[in-house]
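Have the sequence and the structure open as you read.

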Amino acid sequence: PGVEPFTVRMPVPRVLRPTRVHGDHDFFEHVIRPAEVGILPGRRTAALTFGGSFVAPTIRVKAGRRARIKFVNRLGEPANVHLHGGHVAPGSDGYPTDPIAPGASRIYDYPNRQAATTLWYHDHTHHQEAEHVYRGMHGFYLIESDAEKRMGLPSDEFDVPLMIRDAAFDGDGQLVFDLTVDPAASRLVPLANGKVRPFFPVAARRYRFRILNASNHRTFHLTLGGAPMTQIGSDGGLLPRPVPLTELALSPAERADVVVDFGGAPAGTRFVLDSTDLGPILRFDVTRRAHDTSRVPPVLRTMPPLAPAVREREIVLDLGPEMRTFTIDGKTFDPDRVDAVVKRGTTEIWKIRNATTVFGPVDHVFHMHLVQFRVLDRDGAPPPPGETGYKDTVHIPGGTSVRVQATFTDFVGRYVYHCHMMEHASMLGMMAQMEIVP
Ligand code: C2O
């Protein structure tokens with residue numbers, strides 16, 4: 001609202017340091033609390049945060065090295081934490097009805113026995129997650145590996161987590177959380193790492209941007225003014241091969257790992273990351289030359305052959321019969337009901353069909369906890385190249401279906417799956433659960 005674009009520099013969220021390093025794990029402490037943060041120039045905005053910052057500190061861990069994180073809840077109301085895309089035990093998964101009581105703390109155990117990738121952490125408190133996340137309970141969780149380091153991709157200061165989302169503000173500069181805000185309304189603005197349309201000075205070389213769409217509801221269609229980008233990764237880590245693109249669609253909770261080469265652009269050149277939805281999001285200003293030894297290898301990852309699936313299920317996403325809820329297989333979420341029983345160690349195919357078309361097609365974004373899955377097909381056709389790696393979140397336009405395949409290893413217990421249009425899941429019921437059994 002009335003913010004002059006490209007006047008504020010985009011921050012990179014600080015990295016959370018472990019408070020103790022043990023033989024077999026790193027220990028972190030993180031406080032969940034309200035804070036006044038600077039989103040709009042010259043104003044303070046009330047937010048709900050991890051560690052006091054809007055875009056929480058980034059947690060960086062190594063694949064294979066366990067992290068234990070003590071979350072202290074000083075929010076004054078129940079809150080919890082879900083590591084989105086993490087392969088973790090049920091007690092550390094942020095189950096909706098398993099909050100950390102106000103004033104209490106809880107240690108979440110993250111084994112990090114999974115591929116290097118860009119995950120994120122956010123609140124998942126039953127009926128509150130949409131508002132909590134909207135008000136700021138979102139941050140990056142990066143799993144890194146030596147193998148990936150050796151590939152020579154842009155690293156360190158040239159490896160930048162980039163959270164994009166939308167937000168609405170009132171005249172006092174406070175966040176407005178309102179389900180009835182029309183996503184096309186003009187008072188919605190895009191944020192990049194928690195600032196409205198900032199600029200980001202870059203050197204004339206390759207950068208890696210780990211883009212996360214942390215919007216509750218909005219799918220972004222991104223361009224760089226026609227300049228080429230190279231997608232190297234998605235939710236579950238590197239893609240098999242780099243994918244050249246000039247436009248990128250990113251639904252809520254999806255991640256795209258993208259390399260942009262500013263090399264060859266003279267100082268003073270500007271590149272605007274634009275969206276067809278909300279206009280410009282961020283401007284990259286080439287300010288200096290730099291030596292660049294980074295590269296994007298032609299082969300990034302070898303996908304293992306698909307394991308044989310023991311069964312195929314159909315999951316139907318639709319509007320409730322009374323038109324006031326969203327359902328999965330005709331039901332809204334009930335924490336006491338198990339919707340799918342899965343045997344640990346098995347591989348299943350889930351065909352997810354979005355049947356929400358009554359008043360015209362409505363998009364959903366399907367997310368499964370616990371696993372990284374592979375997209376087999378979209379309405380029978382092979383997935384686009386950006387969906388040939390591992391995913392935990394998949395966009396399903398109204399009237400279409402997607403088949404995914406997952407292997408359910410290690411843990412037993414209850415895990416939810418839901419639409420990641422936060423309001424659909426949080427307030428309108430579009431969530432179900434599976435129980436993994438021995
Ligand atoms: Cu990112 Cu169950 O959510």
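Setting aside neighbours within four places in sequence, arginine 9 is in contact (heavy atoms within 4.5 Å) with Lys195, Pro198, Phe199 and Pro201. Arginine 9 and proline 198 sit 189 residues apart in sequence, yet 5.2 Å apart in space, C-alpha to C-alpha. Arginine 9 belongs to the segment before β1 (20–21). Its relative accessible area is 52%, so arginine 9 counts as exposed; the classes are buried under 20% relative accessible area, exposed over 50% and partly exposed in between, with a 1.4 Å probe and protein chains only.

A word on ground rules: this is a predicted model, where local features need pLDDT of at least 70, side-chain atom pairs count only at pLDDT 80 or more, and totals for chains, interfaces and linings use all residues. Residues are numbered from 1 along each chain as its sequence is written, and side-chain values use heavy atoms, with hydrogens and water left out.

## The seven-stranded sheet

Strands here are DSSP runs of E with at least two residues, helices are runs of H or I with at least four, and both are numbered from the N terminus. Two strands pair if DSSP finds at least two bridges between them. On those terms, there's an open sheet of seven strands, ordered β12-β11-β10-β14-β19-β16-β17, with mixed pairing. β12 (195–196) and β17 (237–245) stand at the edges with a single partner strand each, so one side of each has no neighbour in the sheet.

Within the sheet, β14 (residues 206–213) and β19 (residues 255–261) run antiparallel and are joined by seven bridges. Arginine 208 has valine 259 in β19 as its bridge partner.

## β9, covered on both faces

Now for β9 (residues 138–144): seven of its seven residues are buried. His138, Phe140, Leu142 and Glu144 lie on one side, with Gly139, Tyr141 and Ile143 on the other.

## Glutamine 114 in its loop

Glutamine 114 is in the loop between β7 (105–110) and β8. At 17% relative accessibility, this residue counts as buried. Its side chain reaches the backbone oxygen of glycine 85 at 3.0 Å and the backbone nitrogen of histidine 87 at 2.8 Å. Not counting residues up to four places away in sequence, glutamine 114 also touches others, among them Ala63, Leu119 and Ile143.

The chain is split into domain 1 (20–145), domain 2 (156–289) and domain 3 (311–437), with bounds from an automatic or database domain assignment. The C-alpha centres of domains 1 and 3 are 24 Å apart, and 24 residues of domain 1 are in contact with 24 residues of domain 3.

Together these two bury about 1,900 Å², 59% of it on carbon and sulfur atoms; buried area is the accessible area (1.4 Å probe) that two parts lose on being put together, summed over both. His84, His87 and Tyr95 supply 29% of what domain 1 buries there, more than any other three residues.

There are zero salt bridges between domains 1 and 3, taking a side-chain nitrogen of Lys or Arg within 4 Å of a carboxyl oxygen of Asp or Glu. Polar contacts join 18 residue pairs across the interface, both at pLDDT 80 or more. Such a contact is a pair of N or O atoms within 3.5 Å; within protein, one must be able to donate a hydrogen and the other to accept it, and residues adjacent in sequence count only if both atoms are side-chain atoms.
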